[in-house]
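Here are my notes on the model you sent over, point by point. Have it open on your screen while you read.

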Amino acid sequence: TGLVTFSLTTGAAFALQVMHPTVGAVVGEHSVFRTDAIGRARRSIASVMTWVYGGAEALAEGDRLRALHAPLKSTVDGVTHKALASGPYAWIILTAPYAYETGARYFSRRPLSPEDAEAFYAEIVQVARNLHVAEKELPPTYDAYRKYFDDMLDHTLVAHPTAYEFLAATRRIPPPPGLPAPLRPLWRIAMDVPGRVQYFVTVGTLPPKAREILGLTWTDRDERRLKVLGFVVGRLV
């Protein structure tokens, strides 16, 4: 997470998170990503950096997040979804190993070795414990995690409306709420290319199964373009 390339796969991680019916419902009702995407991203990245590098503050941040999310819930078709339900809450954290491995595969000079992936997963498990993720929700090894991840794709994740709204906000990044109205057209012009790139990378770094669930098109040409972009980024950063 100390590399700027970390931000390139956070979009795929968030899309995977909100494809979970519970996470999608709660985020869809309570998040401000539609109206303050930049502010939300800034706060989220600051929180994640605290989990990883904050020392004792990481534990306090975990407590803060639990308290912040405890009252959040959403009722859809008579079903109440709670932000801190153990499975969905764990899924939010457990999208990180996929995003990190995918980021290394596309945007670094070499992909993660099996040993590196296992070591990173062990660190994520410790972060999850600091954030009060239930132990029963944590696959014990990286191989077990990969099976868990595939099972989530096959049996839990859905084409949730919140996922489509997030992708739309990624493509057309909304202006900060405090931006004066006369400057908003300039914002749209300035953010057009970054939005196109972020959307392209987000779709491209999703698992093929997730793209299939969402009905997103990804061609061989798109894959080649993403690999070229990753080659350039991996040598510039």
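1. Starting with the fold as a whole: of the contacts in the chain with a separation of 6 or more, 72% come from residues 24 or more positions apart. Bear in mind throughout that this is a predicted model. Its secondary structure comes to 13 helices and two strands.

2. On overall dimensions, the C-alpha trace spans about 50 × 40 × 35 Å along its principal axes. The radius of gyration is 18 Å, which agrees with the value near 18 Å that a compact globule of 237 residues would have.

3. Buried residues make up 43% of the 237 in the chain. The chain exposes about 12,700 Å², and carbon and sulfur atoms supply 60% of that area.

4. Helix 2 deserves a look. Seven of the ten residues in this helix (residues 21-30) are buried, so it is largely enclosed by the rest of the structure. The buried ones are Thr-22, Val-23, Gly-24, Ala-25, Val-26, Val-27 and Gly-28. What do the buried residues of helix 2 pack against? Their partners are helix 1 (10-18), strand 1 (73-76), strand 2 (79-82), helix 5 (86-94) and helix 9 (161-171).

5. Next, a threonine in a loop. Thr-95 lies between helix 5 and helix 6 (96-107), and it counts as buried because its relative accessibility is 1%, under the 20% cut-off. Its side chain makes a polar contact with the side chain of Gln-17, at 3.0 Å. A polar atom of the Thr-95 side chain also lies 2.9 Å from the backbone oxygen of Ile-92. Setting aside neighbours within four places in sequence, Thr-95 is in contact with Ala-13, Leu-16, Gln-17 and Tyr-145.

6. Another loop threonine to check is Thr-156, found between helix 8 (142-155) and helix 9. Is Thr-156 buried or partly exposed? With a relative accessible area of 22%, Thr-156 is partly exposed. Not counting residues up to four places away in sequence, Thr-156 touches Met-19, His-20, Pro-21 and Asp-151. The C-alpha atoms of Thr-156 and Leu-16 are separated by 11 Å, although these residues are 140 apart along the chain.

7. On to the aromatics. The count comes to twelve aromatic pairs. One of them is Phe-200 with Trp-218, a tilted pair at 5.0 Å centre to centre with 40° between the planes. This pair links distant parts of the chain: Phe-200 belongs to helix 11 (residues 192-205), while Trp-218, 18 residues away, is in the loop between helix 12 (208-214) and helix 13 (220-236). Phe-200 is buried, at a relative accessible area of 15%, and Trp-218 is buried too, at 16%.

8. Elsewhere, the charged end of Arg-66 sits over the ring of Tyr-89, with 5.0 Å to the ring centre.

Key. Residues numbered from 1 in each chain as written. Predicted model: local features only at pLDDT ≥ 70, side-chain atom pairs only at ≥ 80, totals over all residues. Heavy atoms only, no water. Phe/Tyr/Trp six-rings, centres within 6.5 Å; stacked < 30°, edge-to-face > 60°. Helix = DSSP H or I, 4+ residues; strand = E, 2+ residues; numbered from the N terminus. Buried < 20%, exposed > 50% of the residue type's maximum accessible area, 1.4 Å probe, protein only. Lys NZ or Arg CZ within 6 Å of the ring centre and 35° of its normal. Rg over C-alpha atoms; globule rule 2.2 N^0.38 Å. Contact = heavy atoms within 4.5 Å. Areas by Shrake-Rupley, 256 points an atom, 1.4 Å probe, with all protein chains shown as cover. Polar contact = N/O pair within 3.5 Å; in protein donor to acceptor, adjacent residues only side chain to side chain.
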